[in-house]
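Trainee: Can we go through this model together? I'd like to start with how the chains meet.

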Amino acid sequence: MPNLAVESLNLSHFRSHHVVQIECDPRPVAIYGANGAGKTNILEAISLLSPGRGVRRSSAEEMTRRPEALGWKVSAVLRTQDRLHEIETWSQNGTARQLRIDGKAATQVMLGRIARVLWLIPAMDRLWIEGAEGRRRFLDRTTLSFDPNHGEQVLIYEKAMRERNRLLKNQVTDAHWYRAIEGQIAATGVKIRKAREEALEYIHAAQDQAETAFPTAHLTLTNPENIEFSANSDDLAELLADYRSRDLAAGRTLAGPHRDDVFGVFAAKDVPAKDSSTGEQKALLISLILANGRALKEQTGLPPILLLDEVAAHLDAARRAALYDEICALGAQAWMSGTGPELFEELGDRAQHLLVTEVEGKSKVDLQ
Amino acid sequence: MSNSSKDLDHLIELMAKLPGLGPRSARRAVLHMVKKRALLMTPLADVLAEVAVTVRECLNCGNIGTADTCDICQNPKRENGEICVIEEVSDLWAMERSHMFKGRYHVLGGTLSALDAIGPDELRIPRLLRRVRDENVTEVILALNATIDGQTTAHYIADQLGDVRVSTLAQGVPIGGELDYLDDGTITAALRARKTL
């Protein structure tokens, strides 16, 4: 079966890991061990094989093993269909993270074209009830999985937005300067909005077509200013110009895709996701991750790598078995963590099982 | 550093601050100059001392030279109605190496950046607008870098130039370049700017 999978993973002085080598095949990987043993650190290392700052959104300096603080390195051999890629990422002495693909310096955008990694971590349990920023970030990761250029567009947009906000804060009134910046914001803003809308369409289609044990979430892109501009960048540029005096009073940009939000509804009950039970909210997130995986497989022929941190703990045995069945049916190399082996019993030999323990302050990984 | 003379250490330290040089290459350069004292070190010191006094920015375009008006601005043959706007003097020198552009230049001295508190008045933008008005300019070529700040600055200038023709440099496949090595954005730009053979 065609697959996207980590074939080997090497961690050096990364978080709790001193020097660790993990060899694996394309099957899912069940990681268990006591709290603090270093399970999530393995998932974080794999998340660095995709664009961005990883599952914890930490700085490169925070990832270094203490007390040595010598810098760290994560290297992996990644299989995409019939090709192997060697990916190395590292940071020395707290400097910015560097990246090499197949021995050559590379950019995050290049990484996005090779590796699609999706994740669900306990910090996302509050996604439906926290502020819009978390949901927007979740949507952008989903969008990035479909469109590797999305991240670059967001970076350009944010840079131009920071420039405009500084002008607003300094009460600059030079209309030419605003127009020049707003042109950039508008050009990237429409691409961002369009890519987000397309990503939601892909997710909805994947949910509708699937037979799944997890509830369907209907997602709608919302914006507090209720603005319509997706077709034309001139519309957004005009909107920004219209808002300029209001923005000057507020000292920041009030309208634009940087304020987009996602409104989720538990479809079967027609209840907003934020008002659903804790278990239902988690189930909706799992449903979305699986739908994202199915949509990617449909588009690229390859299921993504999934990182599911402590996901089994919140599910009863039947739901757990259903999740494992769906992951195996998808053919994704899902890296799942949990405290004990009993959480992964239903997987049997459909997965590889790793025991992570802490020995003398160092994480130790053993294939079971 | 463990050289015998404090002055030599100081010289190496200063040389190491130059772009492209590090402590190691600075040491090599200093040792080379010491060996070629009459041929290289003394003339270099003399010229450095002289240029340090005479070097100045051209009052018209921002190019550097040793007179108030640079050679290009003084040359009547370069007065063809075209002004090429660049960010830095190094960009001017790069353009001159091509021997292609026969007009005059305007060095902005950077790009607009609200975050770095660089506004139009910190650059030579007001001066450019005056030149366009006063020098019978027919075309302004915006040869700014293809960065976010460069493009913001280009749009800012274009927005204020009124009726004069404004152009930018083409973006696309470099001469001798292979498509396989280009990023998506460059290929897209090249395709959009394709021309009939």
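Trainee: How many salt bridges does the rule find across the interface of chain A and chain B?

Mentor: Two. A salt bridge here is a side-chain nitrogen of Lys or Arg within 4 Å of a carboxyl oxygen of Asp or Glu. Keep in mind that this is a predicted model: local features need pLDDT of at least 70, side-chain atom pairs count only at pLDDT 80 or more, and totals for chains, interfaces and linings use all residues. Residues are numbered from 1 along each chain as its sequence is written, chains are lettered from A and ligands numbered from 1 in the order written, and side-chain values use heavy atoms, without hydrogens and water.

Trainee: Which residue forms a salt bridge with Lys159(A)?

Mentor: Asp149(B) does. The closest N and O atoms are 2.8 Å apart.

Trainee: And how much area do chain A and chain B bury between them?

Mentor: About 1,500 Å², with 58% of it on carbon and sulfur atoms. Buried area is the accessible area (1.4 Å probe) that two parts lose on being put together, summed over both.

Trainee: Which residues in chain A lose the most area to chain B?

Mentor: His176(A), Trp177(A) and Gln184(A). Together they make up 37% of what that side buries.

Trainee: How many residues does the contact take from each chain?

Mentor: Chain A gives 15 and chain B gives 16. Contact means heavy atoms within 4.5 Å.

Trainee: New topic. At what angle do α5(A) and α7(A) pack?

Mentor: About 100°, with their axes 8 Å apart. The two helices are therefore roughly perpendicular (65 to 115 degrees). Axes are lines fitted to C-alpha atoms over the stretch in contact, and angles run from 0 to 180 degrees between N-to-C directions. Helices are DSSP runs (H or I, at least four residues), numbered from the N terminus.

Definitions and conventions
Parallel < 35°, antiparallel > 145°, perpendicular 65-115°, else oblique.
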